[in-house]
Amino acid sequence: MDASSSARDPSRRRFVRHLFAGSAGLAALPALSIRDLDGLPAPPPPSAPAPVLPPPAAAGDEAYWGQIRSHFILRDGITPMNAANLCPAPRMVIDRMVEAMRDVDADVSFQNRAKYEQTQEEVRDKLARHLGASADEIAIVRNTSEANNVIVGGLDLGPGDEVVVFDENHPTNNVAWDVRAARFGFSVRRVSVAPQPSGPDAVLDTFVRALTERTRVVAFSDVSNVSGLRIPAQALCRAARDRGIHAHVDGAQSFGILRLDLHAMGCDSYASSAHKWLMGPKEAGVLYVRAEQIPGLWPGMVGVGWGSGAQTSARGARKLETLGQRSDATVAAFGAALDFQEQIGLERIEMRALELARALKAGVTRIPGAELLSPSREDVSAAVVIARFEGLESGDVFEALYRDHGIAAAPTGGVRFTPHVYNTMADVERAVAAVEDVVGRRG
Ligand SMILES: Cc1ncc(COP(=O)(O)O)c(C=O)c1O
């Protein structure tokens, strides 16, 4: 569900009008500054030091989080609560992107661009540290959708084999398996988890009971974007490993919000996007593949650098980055997003997002007629809060929240709120008051 795709951005419209204003418009083009695109601050000179974030404070320190918020260019009157779909990037990410774009476009020579190969490897190292993996196990891709499809298309599966998928998986880790199965003759079995489970053991048990001697893959979102359910990923990956089953984790809702150690989790592959909770550039993502699994994985696309034997195996998971010319600026900005998180501290980010979600859950469920669809138990929750409201269409509530109160939520069966570190407790109160107002008009 992409609630943001219909959002209208006046500055973009201005830009498009400008482009299509006929020959007069073309003549006027040089006057257009990059700052017109979205009120961006001027990029720093290339040698500017990274902005310094405020010194660490406790998760509940509103003044500290207010300072963190000031690193974002949020439009007045808009409260983003849609991290599960798309996050704003902080200034330092935008600045890095613009700086690298200007640099490349100022000098497209091989000589000038050679430094971005090193940037890419530095970003890979940062990703490996962030995820608890080795750099050779990391492919820098475009998003979770692509990473999921690399796994779906890359494993050797055929008649007699079975793939077990969580029925709340995103289509790229769900329908994608059906499409592959139709071609290669394996079967797909779906697992449903009942709402409001009694705890992680009950969730684990539901999955483990679905594994059979034919199961070759178990593929699941460690946090569901549909219900907000958090799966006990480490225990499920261990159960899969014990049975020789490939565990593929879609981490679109955990990367950048939950602390991760993929080696400890024990998954065979993990996919995620930079533009969600990591607050990174759009159209960047990561695919982790456990070292032992890399040789057996077929690439969906064969690109430069793909050779036979030693040449390919020496590249590790890089062999799965087959996109041709990359956007050096996007990859550089991915690194800046990881720096931003590291400067705040991953533990602090996780605590804060969970604290905001807890407050939101408490506020929303106090509203008469509200039903919480996301889990009420903390041990099976992350920072995804979903509710519906008696007598009201969730789509109408979602629209009214944005139209009348500037609250950017998402319509996903109920109304989904996903707060993050750029939100303050005042935002949570504003969101709850807005829901009260919309629901109160029910009559
Ligand atoms: C669990 C999950 N997987 C995959 C995706 C797709 O992400 P992207 O569009 O960044 O590829 C989403 C998007 O919301 C998601 O929630």
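**Exercise 1. Find which residues Val-218 touches in this predicted model, leaving out those up to four places away in sequence.**

As background, nonpolar side chains in soluble globular proteins tend to be buried together.

**Exercise 2. Decide whether Arg-230 is buried or exposed.**

First find Arg-230 in the loop between β5 (215–221) and α10 (233–242). Then count: Arg-230 has 25 C-beta neighbours inside 10 Å, and because 20 or more make a residue buried, Arg-230 counts as buried. Now look at who surrounds it: not counting residues up to four places away in sequence, Arg-230 touches Asp-222, Val-223, Val-380, Ser-381 and Ala-382. For a distance check, take Val-203, 27 residues from Arg-230 in sequence; their C-alpha atoms are 8.9 Å apart.

**Exercise 3. Work out which strands pair with β13 (residues 414–417), and in what sense.**

Take β10 (residues 385–389): this strand pairs with β13 in the antiparallel sense over three bridges, with Ala-387 opposite Val-415. Then turn to β12 (residues 410–412), which also runs antiparallel to β13 and is joined to it by three bridges. Here Pro-411 stands opposite Val-415. To finish, inspect the hairpin of β12 and β13: one residue sits between the strands, and Gly-413 takes a positive phi near 85°.

Conventions
Residues numbered from 1 in each chain as written. Predicted model: local features only at pLDDT ≥ 70, side-chain atom pairs only at ≥ 80, totals over all residues. Pairing = 2+ DSSP bridges. Helix = DSSP H or I, 4+ residues; strand = E, 2+ residues; numbered from the N terminus. Buried ≥ 20, exposed ≤ 12 C-beta atoms within 10 Å, placed from the backbone. Contact = placed C-beta atoms within 7 Å.
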